[in-house]
Amino acid sequence: MDRKSENNLIYRNILTAFLILIMHVLLVGGIGMLIFFISGIINHMVWVIAGISCASAGGYWIYKRMRSDVRELKNIVGDSLKGRDVEISFLGGVATFKVNDKRGEKRTDSIPLERPRQLTATGPEDVKTLSELAQLYEKKLITLDEYNRVKKKILK
């Protein structure tokens, strides 16, 4: 063997021994931490059991309370909304749940919502013309009657 390959072999052996040593240190440290953790749990087992018992009892009490409140809520809501339309919407109407009246009657106590009216233009040149017309009116270069007359022509 030449000298260079002997050096490489020695370095690889040293590196392997170093990695084995590090792995043993980590293993011993992990076992020590595990023993410390388990002994801590065993020494404080009374408190651990008491905490789990309190959390379980509290969870059971909350569960029972919610069940009774739901029954009360069903009775209250059921009586007050009997025969009416119900609509629940979240996030501005993105998610909507709607329950209609089974009898199909028209209700007079609700206010119908109207959609806002929108102007429709036939093309991009009409939009440009309308914006120029609005600018002329804002600068008081044309009257309101002229503005309305030209706007009607564009939008028809």
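**From overall layout to single residues**

From the N terminus on, the elements of the protein chain follow the order α-α-β-β-α-α. That makes 4 helices and 2 strands in the chain. The model is a predicted one.

Some totals for the chain come before the details. Of its 156 residues, 6% are buried, where buried means under 20% relative accessible area. The accessible surface of the protein chain amounts to about 14800 Å², and carbon and sulfur atoms account for 64% of that surface. Among the contacts with a separation of 6 or more, 21% are between residues 24 or more positions apart.

The surface carries a nonpolar patch, made up of Leu-34, Phe-37, Ile-38, Ile-41, Ile-42, Met-45, Val-48, Ile-49 and Ile-52. Together these residues have about 810 Å² of accessible area. Two elements, α1 (3-43) and α2 (45-80), each give two or more residues to the patch. The element that gives the most is α1, with 5 residues; Leu-34 is found in this helix.

Three residues of α3 are buried: Asp-126, Leu-130 and Leu-133. They lie on the same side of α3, because the arc they cover around the axis is only 60 degrees. The cover over the buried residues of α3 includes α4 (144-155). On the face turned away from this buried side, α3 carries the exposed residues Pro-124, Glu-125, Lys-128 and Glu-138.

What follows α3 in the chain? Just after the helix comes Lys-140, with a positive phi of about 65 degrees. Lys-140 is placed in the loop between α3 and α4. Its phi is a positive value in a residue other than glycine. Is Lys-140 buried or exposed? Its relative accessibility is 69%, and the cut-off for an exposed residue is over 50%, so Lys-140 counts as exposed.

Taken together, the region around α3 shows a buried side with Asp-126, Leu-130 and Leu-133, an opposite face with exposed residues, among them Lys-128, and a loop towards α4 that holds Lys-140.

Note on methods
Residues are numbered from 1 along each chain as its sequence is written. This is a predicted model: local features need pLDDT of at least 70, side-chain atom pairs count only at pLDDT 80 or more; totals for chains, interfaces and linings use all residues. Side-chain values use heavy atoms; hydrogens and water are left out. Buried means under 20% relative accessible area, exposed over 50%, partly exposed in between (1.4 Å probe, protein chains only). The arc is that of the directions from the helix axis to the C-beta atoms. Contact means heavy atoms within 4.5 Å. Patches are made of residues with over 30% relative accessible area and no salt bridge: like charges are joined within 9 Å, nonpolar side chains (Val, Leu, Ile, Met, Phe, Trp, Tyr) within 5 Å. Accessible areas come from the Shrake-Rupley method with a 1.4 Å probe; for residues, only the protein chains shown count as cover. A salt bridge is a side-chain nitrogen of Lys or Arg within 4 Å of a carboxyl oxygen of Asp or Glu.
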